[in-house]
Every structure is written in structure tokens, then in C-alpha cells.
Amino acid sequence: MIEIKQLTKQYGSLTALDHLDLTIKEGDIFGYIGPNGAGKTTTMRVLATLLDPTSGQAFIDGLDVTKKGNEVRCRVGYMPDFMGVYDDLKVFEYLEFFAAAFKIDRKKRQGIVEGVLELTDLTSKKHFTVDSLSRGMQQRLGLARVLIHDPKVLILDEPASGLDPRARIEVRELLLELKRMGKTIMISSHILSELEEICDQIGIIERGKLVFDGTMDEIRKHMGVHSRIKVEVIGDPQRALDVLSPMPQIGSVTIEQRALTVTFSDGQENNGFLAKALVQGGIDIVSIEPQKLKLDDAFLELTKGIVN
Ligand SMILES: Nc1ncnc2c1ncn2[C@@H]1O[C@H](COP(=O)(O)OP(=O)(O)OP(=O)(O)O)[C@@H](O)[C@H]1O
Ligand SMILES: [Mg+2]
């Protein structure tokens, strides 16, 4: 649904995007991650037809964004990282304004506005002014706005930034609902662990280049990071460490707050041998719990904080 080929954007001598290749499949939620200045907003602005690339191509639904601007804009809902200022407008006026801008038939406008208010749970705020809404509600209003013309593709630049945990969960639920409606969603964020649970694909960008593209499982594999296992035992954890650390299957064992964190050496997948070894060593186990590698860890490993 979104296809980027060798996309390059120069701002003077600064290369914001450097021969970027990226494909996003129809119906996927794609998480776009990278440190400040990596080029996320630049990519999204090119896709939204707001910025011309220096070279390379980008297609949405098969349409070249630099050549078929109008057709692309009908298919894309772009939510920028900062909301415009329309503070003295009421919520429904704000949405009707955008409905008019998209040339939606006057008779249909009201129904559409009510529909998106309902979807974003803002119906009760219809007659409030935009500036009287909380940050989370404004974010939802931003989403309501990009849904007005029922686009197939949503490009959302940090829609969860500045939200409290509850509001973030609400945004996440809303995104999943939009996915169920069949939308393709590209979303950038710094709240990495939030993306982990909703994204089908993750792309990590650094200095205008994609350093990784794949599923969370693929990120884990790619990094060769074996899952960590947390082991709790009765008595002194040092005894368990002494049993485990000489074993060839074990990569490392550390003790933290009386629990052991174990990693395996290459090729070792199954943790069944752990319990056996501990029992044979006369150690009573409280729990053996595999820990998932968090997206934040993967991100820190992959991008070493190098920015433009
Ligand atoms: N209009 C502009 N003129 C000059 N340089 C720009 C312009 N817009 C962006 N840049 C530069 O391009 C690079 C990429 O910026 P971009 O906004 O795409 O990054 P980002 O990944 O969205 O970062 P953030 O996480 O901070 O939002 C940065 O070095 C930035 O300074
Ligand atoms: Mg940005």
C-alpha cells in the first residue's frame, strides 16, 4: 500500500533521507521508530505530498506522490506532530471545516462529523471549543480530523506523544479499531514499548537510512539476542549461579535483587534443562520465567544514539 524507493531528501548539505527503501503492506500497522532527527517526519511529509523529495520515489496505493498529489491526498489522512491552531472554533465547527475542505457534500457533512466524533469518543465535547479540550482529547480530535474523508491510509506522526498512560491506551485501542476497519497505518513514536503490541511491522530509521525492517520476532532474531530468563530460587541465589554458570548452554548469569537473570549461548533455544540442572544441584525453584526483549532494548542496541 505504501512503497518507498531510494527516497532521498536534502536540506542544503544535510541529508535527511538517504536512499530510503520501505514497503508497508495493506492493512498493517507499521511502527516507524528512530531517534530525534532521524528523518521520520520528513518521510511522512513526503508521503503526505507536503514535501518534495530530492530524488527517489514514493507510492501510495500505486500512485506516485509527486505526480498524483490530488489522488494521493484523497487516500491519505496525515496527522502532523503539532496541531494547527484553530482555538476559537468549536469541536464540530473544526471538523466541519475540514469536511468542507475535502469538498464533502454539505448534506453529508453532519453525519460524517458525528460518525468520527463517535469513533473517537468525543461526542460529548461537540460544543466545546478546541482549546478547552485536554491534550488527550485534542489528540483524538486530530485523529477524528484525519478520518473525515475516510482515507485508506493513515500517517500519524507521534500521535501518542504527551499523553498520560490512560490516554495512550485509548489511542492504541482506537488504532486497533481503525485497523479492523481495514486502514493501513503508519505511526511514528518515541514510546517504543507502546508500539510493540500493536504493530505488525517495525521500521527503525537512523540518519535517513532504514537500519531495520521486520516484525518484533525478526528484530529479536536479527539482533541475535536470546530471550532472558528470570529464575527465582529458595535460599542464596549464588548457589544457583554456581550451578548454572559452568554449563555450556548458558551465556551469562547475573544476580539482581535475589533473582537470577540467565541468557543462553548461541543455538540454545529450549529452557527445559534449567530446571533439571537446578534440581540436580539440590536447589529449590520458585519460578522460571522467560522475559521478552522489549522494543526499547532492541532500539537502543540498533541505534547508538547517532543523529544528524
Ligand atoms: N525544513 C527543514 N530545513 C532544514 N533541515 C530540516 C528541515 N526539516 C527537517 N530538517 C532536518 O532533517 C533531519 C530529519 O528531521 P525530521 O524532522 O525528519 O526527523 P524526525 O525523525 O522526525 O525527528 P523527531 O523524532 O525529533 O521528530 C534533521 O536533522 C532536521 O534538522
Ligand atoms: Mg518528527
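This is a predicted model: local features need pLDDT of at least 70, side-chain atom pairs count only at pLDDT 80 or more; totals for chains, interfaces and linings use all residues.

Biologist: How do the residues of the shell around ligand 1 divide into nonpolar, polar and charged?

Modeller: Four are nonpolar, seven are polar and one is charged. Nonpolar here covers Ala, Val, Leu, Ile, Met, Phe, Trp, Tyr, Cys and Pro, charged covers Asp, Glu, Lys and Arg, and the others, Gly among them, are polar. Residues are numbered from 1 along each chain as its sequence is written, and chains are lettered from A and ligands numbered from 1 in the order in which they are written.

Biologist: OK. Which residues come nearest to ligand 1?

Modeller: Of the twelve around ligand 1, the nearest are Y11, A16, K40, T41 and T42. A residue gets into that set if its C-beta atom, placed from the backbone, lies within 6 Å of the molecule. Two elements give two or more residues to the shell, β2 (14–24) and α1 (40–47).

Biologist: And which element has the largest share of the shell?

Modeller: That's α1, with three residues. Helix and strand names come from DSSP runs numbered from the N terminus (H or I, at least four residues, for helices; E, at least two, for strands).

Biologist: How many helices and strands are there in the protein?

Modeller: Eleven helices and 14 strands. The protein has 308 residues, and 36% of them count as buried. Buried means 20 or more other C-beta atoms within 10 Å of the residue's own, exposed means 12 or fewer, and partly exposed is in between, with C-beta atoms placed from the backbone.

Biologist: What about contacts: what percentage join residues at least 24 apart?

Modeller: 67%, among contacts between residues at least 6 apart in sequence. A contact is two C-beta atoms, placed from the backbone, within 7 Å.

Biologist: Let's do sheets. What order do the strands have in the open sheet of six strands?

Modeller: β6-β7-β8-β3-β9-β10, and the pairing is mixed. The edges are β6 and β10 (209–214), each of which pairs on one side only. On average, neighbouring strands in this sheet are turned by 15° against each other, direction ignored. By the way, two strands pair if DSSP finds at least two bridges between them.

Biologist: How do β3 and β8 pair, parallel or antiparallel?

Modeller: Parallel, over four bridges, with β3 at residues 29–33 and β8 at residues 184–188. I29 stands opposite I185 in β8. On the helix side, α6 packs on the sheet, touching β3, β7 and β8, and its direction makes about 155° with that of β8. Then α1 lies across β3, β6, β7, β8 and β9 (201–206), at about 150° to β7. Those angles run from 0 to 180 degrees between N-to-C directions of lines fitted to C-alpha atoms, for helices over the stretch in contact.

Biologist: Changing topic: how many residues of α5 are buried?

Modeller: Ten of the 13, so α5 is largely enclosed by the rest of the structure. The cover includes β6 (76–79), α3 (91–101), α4 (106–119), β7 (153–157) and α6 (165–180). α5 spans residues 135–147 and reaches 19 Å from first C-alpha to last, close to the expected 18 Å, which is 1.5 Å times one less than its number of residues.

Biologist: Last one: is I112 buried or exposed?

Modeller: Buried, because I112 has 20 C-beta neighbours inside 10 Å. I112 is in α4 and touches A99, I104 and I148, leaving out residues up to four places away in sequence. The C-alpha atoms of I112 and A99 are separated by 8.2 Å, with the two residues 13 apart along the chain.
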